[in-house]
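Good morning, and thank you for making the time.

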Amino acid sequence: MRVAMIVIDSNEVCDDRWRAKGIPSPHVHPAIAAVIDGLKFEKEVELHVVFGNSRISLPQSVNREGITYTAVPSARANLPGMGGGLLGRFLGIRKYLKELQPDLVHGQGTEREAGLVAAFCGFPSLLTLHGNFRELRKIFKTRLLDYHWCAAHLETVVLLKIQGIICISRYAKEITSGFSKWQFVIPNPVDGKFLSIERPPRSSRPKVICMGSIDERKRTLFILEACKVLWEEGLDFEFCVYGGQGWEGEYNAKFLTAIQPWIDKGVAKYLGFTENPEIAIAEADIMVSASIEESFGMNVLEAMASGTPVVAPRVGGIPDIVEDGKTGLLFNPLDNAGCADGIRRILQNPDLAHSLSQNGRLRAKEHFSSAIVAKATVAAYQKTLQNNTKRK
């Protein structure tokens, strides 16, 4: 079975900061990289990873561990509001697929060319829904023709056209139930580096961390408020925030203002983007998430895989990952006291912390490894081709 997986290369779309560090294209989200890593051991699949590149004039292919990666020449043509040469990459990749003649096309994500190509390629196709831009449009209160507004409308078009959807959680299945006849609930896999990392000895002062963009969706201020309650109770711990400020604006400014007094007191740190999240997570005693919307919850899974106890909201796809009280602690998403209580319980109960650490790591290994997810993905490929044959 020849499969063309369409991915978005951050080296091309964003900037050259990764390319300058020697990271080869395509530079993709860790969940996508883990899927590819698992599929290289599936012998019935001939996998071609295809992505657009405006710097070349002819397709360039390289084989890495049995997988063919092909950069396809593309023009710098844009769609309104989206930028980054999306239309040029869409046209270039679709043209290349006519030459490749894959049995099936698998698009990774809806917001850019991956979903668009999968939906309009003319071959049997599947799409993995990673984000939920229709909901993000509401959270970020988007204006006409800004990025989230355009991405939400593009997502709707793609979901209406695509033959099958890989839903990374039961929540993702619910929000796409009206779009496709064929749905497969297959979670994101976790990168093996999180499962294999050794946790260093615990320091005398516990470390509580959060990871992700500083924005209304991730609600870093919500976590800071929960930590303030605990500091005022006299609990001694350090709160470290990792994450970039991808959407500059009022929320970022409020966060920086709010955390500064606690930085001055020596109990908080804002450390920005980290290139080694597995190390940051493994060094922590607790990882806290407060997202108001999550199709999956990758940072929660990565923490569990690293053996770091998690406190997370009962929202979106997170309950598919965390078994409350066994592999992590869940709270109602608007309950700040519940978030603070989860952190407090772990800080004050070493036996609970140890149990959550052990159980979380075991669950991540048994249910979310690359090998397990790859086998489920191949089964979805086979089912899609069977369904397509029946339709003919």
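Q101 is partly exposed, since its relative accessibility is 49%; here buried means under 20% relative accessible area, exposed over 50%, and partly exposed in between, with a 1.4 Å probe and protein chains only. Although Q101 is not a glycine, its phi is positive, at about 55°. The residue sits in the loop between α4 (86-100) and β5 (104-108). Helices (H or I, at least four residues) and strands (E, at least two) are DSSP runs, numbered from the N terminus.

Before I continue, please note that this is a predicted model, in which local features need pLDDT of at least 70 and side-chain atom pairs count only at pLDDT 80 or more, while totals for chains, interfaces and linings use all residues. Residues are numbered from 1 along each chain as its sequence is written, and side-chain values use heavy atoms, with hydrogens and water left out.

E65 also has a positive phi without being a glycine, in this case about 50°. E65 belongs to the loop between β3 (60-64) and β4 (67-73), and it is exposed, with a relative accessible area of 61%. A further backbone feature is the cis peptide bond from S25 to P26, whose omega is near -5°. P26 lies in the loop between α2 (17-20) and α3 (30-39).

I turn now to the sheet. Six strands form an open sheet in the order β11-β10-β9-β12-β13-β14, with parallel pairing; two strands pair if DSSP finds at least two bridges between them. At the edges are β11 (268-272) and β14, each pairing on one side only. From one strand to the next, the twist averages 20°; axes are lines fitted to C-alpha atoms, for helices over the stretch in contact, and angles run from 0 to 180 degrees between N-to-C directions. Within this sheet, β12 pairs with β13 (residues 310-313) in the parallel sense over 2 bridges, and M287 stands opposite V310 in β13. Helix α13 (residues 298-306) packs on the sheet, where it touches β9, β12 and β13, and its direction makes about 160° with that of β13.

Setting aside neighbours within four places in sequence, I346 is in contact (heavy atoms within 4.5 Å) with I286, P309, V310, V311, L329, L352, A353 and L356.

Finally, the cysteines. How many disulfides does the structure hold? There are 0, a disulfide being a pair of cysteine sulfur atoms within 2.5 Å. For C167, the nearest cysteine sulfur is that of C121, 18 Å away, and C167 is buried at 0% relative accessibility. C339 is likewise buried, with a relative accessible area of 0%.
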